Amino acid sequence: MGSLNLLQTLKKDNGRVWNLSWHPNGEVLASCGEEKSIRIWAKDLTGKWLNKIVLTDGHKRTVRQVVWSACGNYLASASFDATTCIWDKKGGDFECNATLEGHENEVKSLAWSKSGQLLATCSRDKSVWIWEVTDEEEYDCAAVLNAHSQDVKKVVFHPTKDLLASASYDNTIKLFRDDPSEGDWICCGTLTGHNSTVWSISFDKTGSRLASCGDDQTIKIWKEYPPGNQEGIPTEDGDSAWKCVCTLTGHHARTIYDISWCHMTGLIATACGDDAVRIFKEDDDGDPNSPGFSLICTVDRAHTQDVNCVTWNPVIPGLLASCSDDGEIKLWSFKELGQ
Amino acid sequence: MSVDQLENQNPDVYTKLDERPSTLEEEDDSVVDEFDSREIFDLIRHINDPEHPLTLEQLHVVQEDLIDIDNGNGTVDVHFTPTIPHCSMATLIGLSIRVKLLRCLPARFKVRVEVTPGTHNAELQVNKQLADKERVAAALENSHLIKVINQCISFRARA
């Protein structure tokens, strides 16, 4: 078992906070939401987190997601105004130096590849777009992927490869990769099993497993079976097969809006519409083909309204950030008891 | 909207409930007065039907006994009944109910608005859309849609 201790509450009275992103150095947090702007938070000399910067002149509607590039030099934001903005500090202050247009309506999520050469965006228009970053720092649309039949809620890149996963209102997760023989991006996998909207997905450290969550109030763990795998799981066209190896039910009372798989500790955190934050841990010596995960911590009423996002700090083990419809961002420290 | 465009030209019209009499206990500030289904009903009964110059109460689209409220758990569940099973306005009606309750109730309440089971052809799709708070949030930032919803929600005095 373990405990989550509240370190600090950050609040600016500006409505629903949708999403958070830690800078790869772990020392800066970006937030976004209903107020149409992006806030950048960092510690002061006494160790308290403060709102240092507000980026206001990028979007005309809700900012749904923000995400730092792996190099930490770029911040990308997705908005209901159908645009994506790329912010950097080249001129000294943070400025929006590129606005990507093309989606027909709300952009709901976005993700950078590990190399920083690719950016993916997705929208209520059902499409996923892949943008290539040119040497001149321009963003060229490399692919428009129309594999989903409904809104695409979330896109996430594999932690090391140029493999993209997307989650949708059509209840599926899809995987995409570049196909050099075709010179185009293709859908190389469809993961079915959720009974309703898949709201979020998160890869583990190695990228060989993916956790998903959604409106059916379950968590699913999907495992990669590469071609020629020992288990004899059939694969097609040289692509890995992905199988659901674990389903966690009965823990959440409402829609699970977000899931974060820590790349340092292996812990999984969830953000739920029942106002709670929960932590799951993989059981020791489990069968890799049917692993067990146990709920080791629940904070009921972590927020006073729906929790929209949870994210583990990439540098400090156990440091978790959450945000909510109640307008608050909370920083938590997880301690496993008996350690 | 002209008459020849109406999907349901002759809906059944029901009588309206009288105003709820307020009791002495309700005027006593020392008595804890929890929300009840009648109060939720009073919030949504005057919503205008998008097609007819009638309220949702008069068309029996909303009814007091199809409202469940749990003060302890902070949940409000409202079922609404479209007048015809292929009503194309069902999502708009549901959204109007949801928006009205979002604006009126304390934020601690979690509101669920669903079609009364078996009363609409696309029941599951309508319910899924109304339950998706991201879609609802985006709809509320759509100036055309919010105008239509506000027209439904606005209280019109009638003879």
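Hi everyone, let me start with a network of salt bridges that links A:R64, A:K108, A:D151, A:K153, B:D132, B:E134 and B:R135. By salt bridge I mean a side-chain nitrogen of Lys or Arg within 4 Å of a carboxyl oxygen of Asp or Glu.

A quick word on the basis. This is a predicted model, where local features need pLDDT of at least 70 and side-chain atom pairs count only at pLDDT 80 or more, while totals for chains, interfaces and linings use all residues. Residues are numbered from 1 along each chain as its sequence is written, chains are lettered from A and ligands numbered from 1 in the order in which they are written, and side-chain values use heavy atoms, with hydrogens and water left out.

Within it, A:D151 and A:K108 pair through their side chains, N to O at 2.8 Å. A:D151 sits in the loop between β13 (139-145) and β14 (152-157) of chain A, and A:K108 in strand β10 of chain A, so the pair links distant parts of the chain, 43 residues apart. Strands here are DSSP runs of E, at least two residues, and helices are runs of H or I, at least four, numbered from the N terminus. Are these two partners buried or exposed? A:D151 is buried at 0% relative accessibility, and A:K108 is buried at 1%. The cut-offs are under 20% relative accessible area for buried, over 50% for exposed and in between for partly exposed, using a 1.4 Å probe and protein chains only.

How many salt bridges are there over all chains? The search of the whole structure gives 28. One of them joins the side chains of A:R124 and A:E106, at 2.7 Å from N to O. A:R124 is in the loop between β11 (118-123) and β12 (128-133) of chain A and A:E106 in the loop between β9 (95-100) and β10 (107-112), so this pair ties together parts that are 18 residues apart in sequence. A:R124 is partly exposed at 32%, whereas A:E106 is buried at 6%. Another is A:R209 with A:D204, with the closest N and O atoms 3.4 Å apart; both of these residues are buried.

Now over to chain B and helix α5 (residues 133-140). Because 7 of its 8 residues are buried, α5(B) is largely enclosed by the rest of the structure. At the helix start, a side-chain oxygen of B:D132 comes to within 3.0 Å of the backbone nitrogen of B:E134. The axis of α5(B) comes within 12 Å of that of α3(B) (residues 90-104), crossing at roughly 85°. Axes are lines fitted to C-alpha atoms, for helices over the stretch in contact, with angles from 0 to 180 degrees between N-to-C directions. The two helices are therefore roughly perpendicular, the term for 65 to 115 degrees. On the α3(B) side, B:L95, B:R98, B:V99 and B:L102 meet B:K133, B:V136, B:A139 and B:L140 of α5(B), contact being heavy atoms within 4.5 Å.

Finally, A:S212, in strand β19 (residues 209-214) of chain A. A:S212 is buried, at 0%. Its side chain makes a polar contact of 2.7 Å with that of A:H194. Polar contacts are pairs of N or O atoms within 3.5 Å; within protein, one must be able to donate a hydrogen and the other to accept it, and residues adjacent in sequence count only if both atoms are side-chain atoms.

Conventions:
Angles under 35 degrees count as roughly parallel, over 145 as roughly antiparallel, 65 to 115 as roughly perpendicular and the rest as oblique.
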